[in-house]
Amino acid sequence: MSNNVHWSDTLLMPEAFLLTLGCPKNEADSDAFAGCLTRAGWRITRDLGDTDLLLINTCAFIKPAVDESLEAIQQALEWKNERSGRILILAGCLPGRYPDDGSGGLEDFDLITGPGDTSRLEKYLSVQSASGPEPAGGWISRYLKISEGCSNNCAYCTIPLIRGARRDRSPEEILMDAEYLAEQGAVEIGIVGQDTASWKCGRGGISWLISQLAGTYPDIWFRLYYIHPAYYPDDFAPLLAEHENVMPYIDIPVQHVSDRILKRMGRPYTGDHIRKLFDGFENNDTMLSVRTTLIAGYPGETEEDFNELVEFLSKYRCIRTIAAFPYWPEEGTREFSRQSAEDLPDESAVQSRLARIGDLADEHNLIWADRLEGEIMDILADTPLLGHSRLDAPEVDGACCFDRSVEPGRIVRCRITGGTGSDLNAEVLK
Ligand code: SF4
């Protein structure tokens, strides 16, 4: 470790800051990187300020993510040059997708490591012992990665190119990480992976795994992300009924419901399969909150295809959050190599389709605000005045605004008094 490193006056520990770009899957990688740093004696701070080490965990899923990562890197290089001895580490999908070809430009980084590759970081930090100081502050909502990579090879997606085929982590590894997060004070743990529903081991599948976690840590909220519609687990509803600490939250990226478009996307299910699943969500005994992701303007998408999507979104009231993206041609994908200019809906059509989906999302927000008004619900406080409900994921969904200050990390019983957009207002009861 450099002698120029700044040592915190109060804790006599060097300070590190992690910048995570992209989605919650990257948050899980960042947690693993943070674990390495704390074990090596670094204190994780929440403010870049005068820290000694900056680790940027990049995303390179689509071009806007690459641009965001490059912009962050530019600012990080300026930060590094402000004081000698600062350590800059580049991690994640960007170096995974564009590995160092030896052409230079990467010499300002002290270390470059691929997505979730903690072994290089551990080596760099020369970890001496598995035990180390506690990280600063509480980690209220954290993420636990159960697999790496994806074998679905959707026609538009770069993830399998960047992260490789799916490799499931063992239950032992996952439970060890859960123990670490619990010790750090996690109140909610998000289960992430590119295709979580496909996780399996000799003893069972994803529902079995979550029941192990939920049973071992009954005071922690567990939330499952990224359920591929083709592999939605039939035993998920009974799991929710059995474990109150598994959130009634279905994060299911359908992408489209037109059979023609789904086929072209390489998504192995039909619109009818999706509608059947959503019928089940609507009629479930417990209220379920569904989050879904869609692509608008996919090559070959006609008005008819899009209208089918609109009809679907209008029908299902269980949909609480809609995240819509325009199709983005990504080099190296199957779609990129076969699409032609005639296939692509023109830009104004794509924008108006996205706007239509935005209007539908607003309608769903109103429906839900109405539905929840007067409900008594548990809310997890993320800050003194803001929290999130069991129906909403932290960071990506709507927040809940308290009528008085609450200690962050506490779960408080509240009465919902209304909502604005995707956010809710709550009166704290206890
Ligand atoms: S399921 Fe498809 S879209 Fe999702 S990560 Fe895998 S290949 Fe990409």
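**Pockets, cavity and domains**

Modeller: In this predicted model, the largest pocket has a volume of about 1100 Å³. Its lining counts 43 residues, and those closest to the centre are Lys-25, Phe-61, Tyr-226, Thr-293 and Phe-325.

Biologist: Which helices and strands each supply at least two residues of that lining?

Modeller: Three helices do so, namely α1 (24-39), α2 (63-82) and α5 (159-163). The strands are β13 (249-251), β14 (289-296) and β15 (319-326).

Biologist: How do the residues of the pocket lining divide by class?

Modeller: There are 26 nonpolar, 9 polar and 8 charged residues in the lining of the largest pocket.

Biologist: What is the domain assignment of the chain?

Modeller: The assignment gives domain 1 (15-125), domain 2 (141-367) and domain 3 (376-428). Domain 1 and domain 2 each give at least three residues to the lining of the largest pocket.

Biologist: How does one look for cavities?

Modeller: Rolling a probe the size of a water molecule over the atoms shows where empty space is left. Here the structure holds 1 cavity of 30 Å³ or more, and the space in the largest cavity is about 30 Å³.

Biologist: Which residues line the largest cavity?

Modeller: The lining consists of Arg-320, Asn-365, Trp-368, Ala-369, Gly-421, Ser-422, Asp-423 and Leu-424. By class, 3 are nonpolar, 3 polar and 2 charged. Both α13 (347-372) and β20 (423-428) supply at least two residues of this lining, and the largest share, 3 residues, comes from α13.

Biologist: How should I read an interface between domains?

Modeller: The size of an interface is often given as the accessible area lost when the parts come together. Between domain 2 and domain 3, the buried area is about 1500 Å², with 52% of it from carbon and sulfur atoms. Of the area that domain 2 buries against domain 3, Val-187, Trp-221 and Arg-320 supply 35%, more than any other three residues. Arg-320 also belongs to the lining of the largest cavity.

Biologist: How many residues of domain 2 and domain 3 are in contact, and how far apart are the C-alpha centres?

Modeller: Contacts join 18 residues of domain 2 to 19 residues of domain 3. The C-alpha centres of these two domains lie 24 Å apart.

Biologist: What does the pLDDT say about the chain, and where is it below 50?

Modeller: The mean pLDDT of the chain is 87, with 91% of its residues at 70 or more. Residues 1-12 have a pLDDT below 50, and this stretch has 24 contacts in the model beyond near neighbours in sequence. Over residues 127-138 the pLDDT also stays under 50, and the model has 19 contacts there beyond four places in sequence.

Conventions. Residues are numbered from 1 along each chain as its sequence is written. This is a predicted model: local features need pLDDT of at least 70, side-chain atom pairs count only at pLDDT 80 or more; totals for chains, interfaces and linings use all residues. Side-chain values use heavy atoms; hydrogens and water are left out. pLDDT is the predictor's confidence in each residue, from 0 to 100. Contact means heavy atoms within 4.5 Å. On a 1 Å grid over the protein atoms alone, a cavity is a set of points where a 1.4 Å probe fits but cannot get out, and a pocket is an open set with protein on both sides within 12 Å along at least five of seven lines; lining residues have an atom within 4 Å of a point. Grid points are joined across faces, edges and corners, and a volume is the space filled by probe spheres set on the points. Helices (H or I, at least four residues) and strands (E, at least two) are DSSP runs, numbered from the N terminus. Ala, Val, Leu, Ile, Met, Phe, Trp, Tyr, Cys and Pro count as nonpolar, Asp, Glu, Lys and Arg as charged, and the others, Gly among them, as polar. Domain bounds come from an automatic or database domain assignment. Buried area is the accessible area (1.4 Å probe) that two parts lose on being put together, summed over both.
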